[in-house]
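Trainee: I'd like to learn how to read a model like this one. Could you take me through it feature by feature?

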Amino acid sequence: MNKITVKDGTEIYYKDWGTGQPLVFHHGWPLSSDDWDAQMIFFLNQGFRVIAFDRRGHGRSSQTAVGHDMDTYASDVAELVKALDLKDAVHIGHSTGGGEVIRYVAKYGKGRVAKAVLVSAVTPIMVKNDNNPDGVPMSVFDEIRVNTATNRQQYFQDFTIPFYGYNREGAKKSQGIMDNWWRQGMMGAIKAHYDCIKAFSETDFTEDLKSVDVPVLVMHGEDDQIVPIATTGVKAAQLLKNGQLISYPGFPHGMPTTEAATINADLLAFIKA
């Protein structure tokens, strides 16, 4: 099993397939690198080197009690990138992974990153506060916390419905996709999942977005019920020096899985541009 040990002793599991320009995939909460299956196989077959890893406390990485914050996540990525000696890389993050990408690129990416992609990402900040009056109320995140702490098994099954837009008229439900989401979630540690809620909802990425010079593609579904596009994707694109927004009518939060053909084609065009 491919693992690196980062400075605090945490083991980070990763997959590293193929050769060519490296693409690094950062998963969302509370999932694992397996959530990128549709992208890993597609881009491997397009001649890229594809790398995906399980965030600390998630998937097959160490179930550590500490370090579940964006600065540590970004530091873990920097150690992985250094260990694999990745250069000219494109970092692609979904949801929480999008926040991780922009924090990593801003703090550690100089000389190693060619481009970045934020997919259904939590950037610039999700929670409603004085600086973000249109954000999501804290009560929503408190509810996620309570359910994660006390009812994780059932809550993670229920969460897949809005995640993939399966509560919308005409939606074609896939039990396999829902089961796979639940499987990934239950592989991770309850402590990591609980702490990560604060990390993805309260971290402010405004300065990270402003400081990044490389081209950044922002991809967001207009029917994202988990991370609303108006307060995230639209604002993130405006803060970037070299940003481009593609919004998708009707697409859900989990669009890399349910709409893989469209997402992969647009990703490929951006990477090759």
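Trainee: Where is Ser95 placed?

Mentor: Some ground rules before that. This is a predicted model, where local features need pLDDT of at least 70, side-chain atom pairs count only at pLDDT 80 or more, and totals for chains, interfaces and linings use all residues. Numbering runs from 1 along each chain as its sequence is written, and side-chain values use heavy atoms, with hydrogens and water left out. Now, Ser95 sits in the loop between strand 5 (89-94) and helix 3. Helices are DSSP runs of H or I with at least four residues, strands are E runs of at least two, and both are numbered from the N terminus.

Trainee: Next, cis peptides. Which residue is joined to Pro30 by a cis bond?

Mentor: Check omega. The bond joining Trp29 and Pro30 is cis, with omega about -10°. Pro30 belongs to the loop between strand 3 (22-26) and helix 1. There's a cis bond from Thr123 to Pro124 as well, with omega near 0°. Pro124 is in the loop between strand 6 (113-119) and helix 4 (138-150).

Trainee: What does Trp29 touch?

Mentor: Contact means heavy atoms within 4.5 Å. Leaving aside neighbours within four places in sequence, Trp29 contacts a list of residues including Arg55, His58, Thr96, Phe156, Trp181, His193 and Ile197. At 5% relative accessibility, Trp29 counts as buried. Trp29 and Thr96 are 67 residues apart along the chain, yet their C-alpha atoms are separated by 6.0 Å.

Trainee: Where is Ile197, and what surrounds it?

Mentor: Ile197 is in helix 7 (residues 190-202). Its relative accessible area is 0%, so it is buried. Beyond its neighbours within four places in sequence, Ile197 contacts Trp29, Phe141, Ile144, Arg145 and Thr148. For contrast, look at Ile197 and Leu217: 20 residues apart along the chain, with C-alpha atoms separated by 24 Å.

Trainee: Which residues of the largest nonpolar core touch the most other members?

Mentor: The general idea: in soluble globular proteins, nonpolar side chains tend to be buried together. A nonpolar core here is a set of buried Ala, Val, Leu, Ile, Met, Phe, Trp, Tyr and Cys residues joined through side-chain atoms within 4.5 Å. The largest one has 56 residues, and Trp29, Tyr104, Val105, Leu118, Phe141 and Phe200 touch the most other members. Helix 2 (residues 70-84) gives the largest share of this core, eight residues. A second, separate core has 22 residues, including Phe251, Met255, Leu267 and Ile271.

Trainee: How do I read two packed helices, and at what angle do helix 2 and helix 3 cross?

Mentor: Two packed helices are described by the angle between their axes and the distance between the axes. The axes of helix 2 and helix 3 come within 9 Å and cross at roughly 65°. Axes are lines fitted to C-alpha atoms, for helices over the stretch in contact, and angles run from 0 to 180 degrees between N-to-C directions. Helix 2 and helix 3 are therefore roughly perpendicular. The scale is under 35 degrees for roughly parallel, over 145 for roughly antiparallel, 65 to 115 for roughly perpendicular, and oblique for the rest.

Trainee: Which residues of helix 3 meet helix 2?

Mentor: In helix 3 they are Thr96, Gly99, Glu100, Arg103, Tyr104, Lys107 and Tyr108, and among their partners in helix 2 are Met70, Asp71 and Ala74. The contact divides into eight nonpolar, three polar and four charged residues. Ala, Val, Leu, Ile, Met, Phe, Trp, Tyr, Cys and Pro count as nonpolar, Asp, Glu, Lys and Arg as charged, and the others, Gly among them, as polar. Arg103 counts as buried, at 10% relative accessibility.

Trainee: What about helix 1 and helix 11: at what angle do they cross?

Mentor: Helix 1 (residues 37-45) and helix 11 (residues 260-272) have axes that come within 10 Å and cross at roughly 50°. They are therefore oblique to each other. Ala38, Gln39, Phe42 and Phe43 of helix 1 meet residues of helix 11 including Leu267 and Ile271.

Key:
Buried means under 20% relative accessible area, exposed over 50%, partly exposed in between (1.4 Å probe, protein chains only).
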